[in-house]
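Please open the structure in your viewer and keep the selection tool at hand.

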Number of protein chains: 2
Amino acid sequence: MDDLITSSANPRLKLIRKLRERKVREQYGLFYVEGIRLVAEAIQQGWPIEMLVVAPQRLSSEFAWQHVEQARQKGVRIIEVSAKVFESLALKENPQGLAAVARQRWTPLSMVNPNAGELWVALEAIQDPGNLGTILRTADAVGAKGVILLEHTTDPYDPAAVRASMGAVFTQQLVRTTQEEFLQWCAQTHPTLIGTSDKAHQDYHEFTYPQGLIVMMGSEREGLSPPYAALCQTMVAIPMVGRVDSLNVAIATAIVLYEIFNQRRQRGSWPGLGANEE
Amino acid sequence: MDDLITSSANPRLKLIRKLRERKVREQYGLFYVEGIRLVAEAIQQGWPIEMLVVAPQRLSSEFAWQHVEQARQKGVRIIEVSAKVFESLALKENPQGLAAVARQRWTPLSMVNPNAGELWVALEAIQDPGNLGTILRTADAVGAKGVILLEHTTDPYDPAAVRASMGAVFTQQLVRTTQEEFLQWCAQTHPTLIGTSDKAHQDYHEFTYPQGLIVMMGSEREGLSPPYAALCQTMVAIPMVGRVDSLNVAIATAIVLYEIFNQRRQRGSWPGLGANEE
């Protein structure tokens, strides 16, 4: 039998509300996922879910109920709440009545293997969770393996990142590492790193990208910092002819990723492979 | 002598606060610009500014003061406010102490001339002002002329759009039009329209884009609606190999714009031309 909660002061709901804070998310290793589409994707991907929160008064979609049923059969705890209580949890207005508390999943850096042909993105000091989520979404589209978050990067489990990822947070592998660990790992494994900089002389479109590589992107304001830029075999620039002196970081990442993707497609080394196929 | 305002209940400041609402922005034809960089860009571009708002206690940048001085000499009204009053206006935390109330500027549809080689973007029903601002920023980067807002598109003068544009709102021409007017104009001028759709058979990367054209982008959720899709000579698709079934609209726009830009560069028909040069 499901739990039914009608008081928004319930301790479990209080915890959910606290998951808006990164500190609390990290303390428990949990995050909050809202909306039918995202929760369904998590269930379909077999993502570890701690509990589902359902507001039956707000949930009419049959597609949604099928997924609730599927999760229930797998033993996921379901909490039913009133529409009002659900709204007190929700981040969006007019929420759809389905949310989940899911477990964070981190891939160790040692699992990253660009030398085997994998495409990865590494992000330094990205501040905006919306940008991070959008980068995950594009990385999914081009069949990248995942994203490496170099220290001081915003949290991919921030609700805004999860939402902007449109579910790619469940398909892309997420690695977080320190500069020290990353430098050490590079010294051992010699991955191909390609950085971006508006000061580079190499046009991103005229460069031939090797099959396996890590695309290194710097922060919105500062670009890639010297220790990371020094690691890159090549720095590429995206030309611009307007007045504004830079591109949005998610846009710049997408332009480079699609160039790599197009070259792979042209070489025939990317015959419609999905991100999770081998 | 500048006006000095220390009460945040001052009617002029009340008006500024109301400019957060689209209705009020449209009623007065004004918008609010915040931050040194954006205000400086508006002044450099000779943009029509109604007044500058300066918080001397918060404004230490010499670069900013030079621009304030330049605006003053051109006869722009300068309002000085206390740090506290400025914070009551500001949209961001820790604002930089410089803002402007600027006049909206709209280009009539009849000035759009893709047949003369101009590159334009037309947006249908884009909802998110951050996406719109980011599209303006990318359009600036590839030397597009401007953006045509088909009805029910969010406001480019929304503070979030202005901020995300990084100043491209001052360099890109902005056109707004109804479906009826747009259809009529197309029937008369026969512009080349290229639409995007994830269902199209034409790969965006294998298509040769003509020199002058309008790239038609649909909304975040729905894509391009049938009346606009029917107008397009060609619909192109951006291939994806992941789980997520679409790209962010600002990302999709950027990928197509950079493809067009790269083809122009390869043809040599785009030798470093700036957006505002002919």
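The stops below describe what to select and what is found there.

**Before starting.** This is a predicted model, in which local features need pLDDT of at least 70 and side-chain atom pairs count only at pLDDT 80 or more, while totals for chains, interfaces and linings use all residues. Residues are numbered from 1 along each chain as its sequence is written, chains are lettered from A and ligands numbered from 1 in the order in which they are written, and side-chain values use heavy atoms, with hydrogens and water left out.

**Stop 1: an annotated domain.** Select residues 32-108 of chain A, where an unreviewed UniProt entry places the feature "domain: RNA 2-O ribose methyltransferase substrate binding"; such annotations may be inferred rather than shown by experiment. This stretch is 36% helix and 26% strand, and its end C-alpha atoms lie 22 Å apart. Helices (H or I, at least four residues) and strands (E, at least two) are DSSP runs, numbered from the N terminus.

**Stop 2: the nonpolar core.** Select A:Leu52 and B:Leu52, which touch the most other members of the largest nonpolar core, a set of 124 residues. Such a core consists of buried Ala, Val, Leu, Ile, Met, Phe, Trp, Tyr and Cys residues joined through side-chain atoms within 4.5 Å. The contacts (heavy atoms within 4.5 Å) of B:Leu52 include B:Val39, B:Ile43, B:Val68 and B:Arg77. In soluble globular proteins, nonpolar side chains tend to be buried together.

**Stop 3: A:Thr134.** Move to helix 6 (residues 129-141) of chain A, which holds A:Thr134. Is A:Thr134 buried or exposed? It is buried, because its relative accessibility is 9%, and buried means under 20% relative accessible area, exposed over 50% and partly exposed in between (1.4 Å probe, protein chains only). Apart from residues up to four places away in sequence, A:Thr134 touches A:Ala164, A:Ala250, B:Asn248 and B:Ile251.

**Stop 4: A:Leu224.** Select the loop between strand 11 (213-217) and helix 9 (226-231) of chain A, where A:Leu224 is found. A:Leu224 has a relative accessible area of 12% and is therefore buried. Beyond its neighbours within four places in sequence, the contacts of A:Leu224 include A:Glu124, A:Thr196 and A:Met235. A:Thr196 is 28 residues from A:Leu224 along the chain, yet their C-alpha atoms are separated by 7.3 Å.
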